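Thank you all for coming; I would like to walk you through one model this morning, taking it piece by piece.

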Amino acid sequence: MPADRPAAPLTVDALPTADLRARLRGPGVRLDLGPMVARVRSPLAGFAETFRLLYGNWPLAGTDQFTDVTCDLRPVWALRHAPHRRVQCLIDGQPTFETQAPAFAPLLFEWALNLHLANHGLGHKMFHAAVVARGDDALILPAPSGSGKSTLAAALVATGRWRLLSDEFAVVGVDDGLLHPLPRPVSLKNDMPRLLRRLDPQARFAATVPTAHKGPVTLMRPPAASVAMRRRPARARWLVTPRYTPGGDDTLRPDAPGRAMMGVLEQCFEWGLRGRRDFDLIADLVGGCGCFTLAHGDLDRAVAAIERMADATADTTTAEAAA
Amino acid sequence: MTDVRALICDLIAKPADTVGRLGLGEWEAVIPAARATRLLARIAVCIEAAGHFDAVPAGPRRHLDAALLAAARHRADVMTEVERVLDALAPTGVAPMLLKGAAYAAGGVAAADGRLFGDIDLMVPRESLTDVEHVLRRAGWTTGRVEPYDFLYYHRWMHQLPPLVHVERQSVLDVHHTLAAPVSRRTVDEGMVRAAGRRVMGGRALVPMPADMVLHSAAHLFTDTEFPHGLRDLSDMDRLMRGEGTTPSWWELLALRARNLGLSTELVMALVHCRRLFGTPVPDYVLARACKDAGRRRGTLTDRLFDHALRPDLDGCRTVWTGTAARLLHLRGHLLRMPPRLLVPHLAHKGLRAAGTWLKAEPPHHAA
């Protein structure tokens, strides 16, 4: 008889389909995402399948855990779009975002989680960035949308040598200064899924959604290995500011830490809620990193450049330690 | 079904008794509802003051912590912004009277605790309005794009400039010269309120005396057309009254002041709702006095309508009658603000404008 060892939490994948559908239509499915617990409810046909595809690895929250946010994805009628139905997203009971076509439901869920995280950091400082890690050494890619950070991050993870911490937000612990993982589905644009499938044939994608502002967006299931390591924070080691430049030389150039920090501050929101302490937190984070810029145009070359840089600095550290 | 509004009010009024009896499920209902009605930080402040913060389970406690942080930030920011306003006004020699949230913060009263602050409300003498507008514009506040009809609406019929937004900091100023719209059926003598005011911020600004703070808040809430922060306003009034009410003569002063300002009706409504929701220790004789001055009973249909309407706009908080009550009170608010001869054309104009965009209407949502 096993002693008081807590059973491994049930994942979304482990739920029978009928059970998953019933929960989504009824009390909701509660995900333990780490920094927060989110409940999602939706009666939409097809949502359960997509949800399982994207969040299958993630554990369900226990009954002793507090639900931080509830997201409802409800079908609604709007005169303008009649006779087709639309989906409305409600966060904690408040309608949020414009209504969308039903195919957008999984994207709306991601937007809702992002918005909640952005508004209620709850003990973490956050800024827009993709974060990946080799072991416990993290690479931060701070940048706004359109910089290609999600694609670079996904490509690094596809090598199998890096794990995903986040493709959208860096989550910095206010107390420990470490980067906390939140390896949620990766948001890819245009034909990036095709490129990534070539790098990782096991990658799984939800149906592409034709957004008005960003073109076709495809959500990718986060790799199981990344989700399995979600409880292991990483220390920031490298900071690479990417800019997607067709025909760019895919070379890492050293960046002045001050300028790199300004770039990070630009990606912060929830400005200065803790005032000076937030500034110091970011300063310490950036100060401990090797900072670079990267004008990237070719995914394979960019990934190789980053890996060479990471290997080189790892060797330097080992040599210094040995000396 | 749990009455979430009652839980929110109990956490504010008697936190020591209430914290212990909430399970995680109830906290899951309370936190979003309190946040929606702008009372989350207020709850946190009350629980902390009662020494029961550690008794709150870790999950909801994180939300309370974050709310306290945000409220502290807001308070610091509003005081900084008031300083900037006073700097801008210095050449005119005008000492504005701060109202509502800004007054609570500058006056250091209990209603400022656990509060979020938005627009800064100022009242200045009518004759100084042009100078004040001039210096504020020069200091960077602007009205942005205002349609000619709205501009007329503000200047002639309401009692304020259109809201001024600062070009850099995006802070919003509401500059009034009276306490109620000149054309409205209830007029309040702003001279009396100004004369009784207290100097703050090194003498450069005024805040109303506590009784006037209560009455002003009541006058706005109970003549308004919409009540998104109604419960929060009642909590403000409750805290003001509790703060001052330890002096027995203060209650009589409150009733007398209401009569002198012609706000006895609004005072009755404030006392009735505060007592029922927050257990404000209102002496019976004061309520009786105010009812007599107002010429009304203490429990009318309007009171019951407000009880249904003053609820967070969320499932679990609304009652069956909330929507209807809100619509009826919306009409009542319009009637109180503008006489029918002005109101009918005004509403017709607004209706035509709304119809022009009706076909493009989305279901209501919050901008992300």
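**A walk through the two chains**

Let me start inside chain A, where A:F51 and A:Y55 are both buried. Please keep in mind throughout that this is a predicted model, and that I will be speaking of computed values. A:F51 and A:Y55 form an aromatic pair of the stacked kind, with 5.3 Å from centre to centre and 25° between the planes. These two residues sit four apart in helix α2 of chain A, residues 47-55, and are therefore separated by about one helical turn. Over all chains, the structure holds nine aromatic pairs.

A:D250 is found in a loop of chain A, the one between β13 (235-244) and β14 (252-254), and its relative accessibility of 4% makes it count as buried.

Next, an arginine. Which residues does A:R134 touch, if we leave aside those up to four places away in sequence? They are A:R161, A:W162, A:E307, A:A310, A:D311 and A:A314. With one of these partners, A:D311, the side chain of A:R134 makes a polar contact of 2.8 Å. A:R134 itself lies in strand β6 of chain A, residues 124-134, and is buried, at a relative accessible area of 19%; the limit for that word is under 20%.

That brings me to charged pairs, and a search of the whole structure finds 44 salt bridges over all chains. In chain A, the side chains of A:R198 and A:D300 meet in a salt bridge, at 3.8 Å from N to O. A:R198 lies in helix α5 (residues 192-199) and A:D300 in helix α9 (residues 299-322) of chain A, so this pair ties together parts that are 102 residues apart in sequence. A:D300 counts as partly exposed, at 39% relative accessibility.

Let me move over to chain B, which has 17 helices and seven strands. Of its 368 residues, 51% count as buried. If we take the contacts in chain B with a separation of 6 or more, 68% of them are accounted for by residues 24 or more positions apart.

In one of them, B:D238 pairs with B:R242, and the closest N and O atoms are 2.9 Å apart; because the two residues are four apart in helix α11 of chain B, residues 230-244, they are separated by about one helical turn. B:D238 counts as buried at 2% relative accessibility, whereas B:R242, at 34%, counts as partly exposed. The other joins the side chains of B:R276 and B:D307, at 3.0 Å from N to O. Here B:R276 lies in helix α13 (residues 264-278) and B:D307 in helix α15 (residues 301-309) of chain B, so the pair ties together parts that are 31 residues apart in sequence. B:R276 is partly exposed at 46% relative accessibility, while B:D307, at 18%, counts as buried. Also in chain B, salt bridges that share partners join B:R42, B:R115, B:R232, B:D233 and B:D236 into one network.

Finally, how do the two chains meet? In this model, 34 residues of chain A are in contact with 26 residues of chain B. The chains bury about 2,400 Å² between them, and 58% of that is on carbon and sulfur atoms. Between chain A and chain B the count is three salt bridges, and one that joins the chains is formed by A:D68 with B:R62, the closest N and O atoms being 3.2 Å apart. On the side of chain A that touches chain B, β5 (94-100) and α3 (105-119) each supply at least two residues, and the largest share, six residues, comes from β5(A). The residues of that side divide into 11 nonpolar, 14 polar and nine charged.

Methods: Residues numbered from 1 in each chain as written. Chains lettered and ligands numbered in written order. Predicted model: local features only at pLDDT ≥ 70, side-chain atom pairs only at ≥ 80, totals over all residues. Heavy atoms only, no water. Contact = heavy atoms within 4.5 Å. Buried area = accessible area lost by both parts, 1.4 Å probe. Salt bridge = Lys/Arg side-chain N within 4 Å of Asp/Glu carboxyl O. Nonpolar A, V, L, I, M, F, W, Y, C, P; charged D, E, K, R; others polar. Buried < 20%, exposed > 50% of the residue type's maximum accessible area, 1.4 Å probe, protein only. Phe/Tyr/Trp six-rings, centres within 6.5 Å; stacked < 30°, edge-to-face > 60°. Polar contact = N/O pair within 3.5 Å; in protein donor to acceptor, adjacent residues only side chain to side chain.
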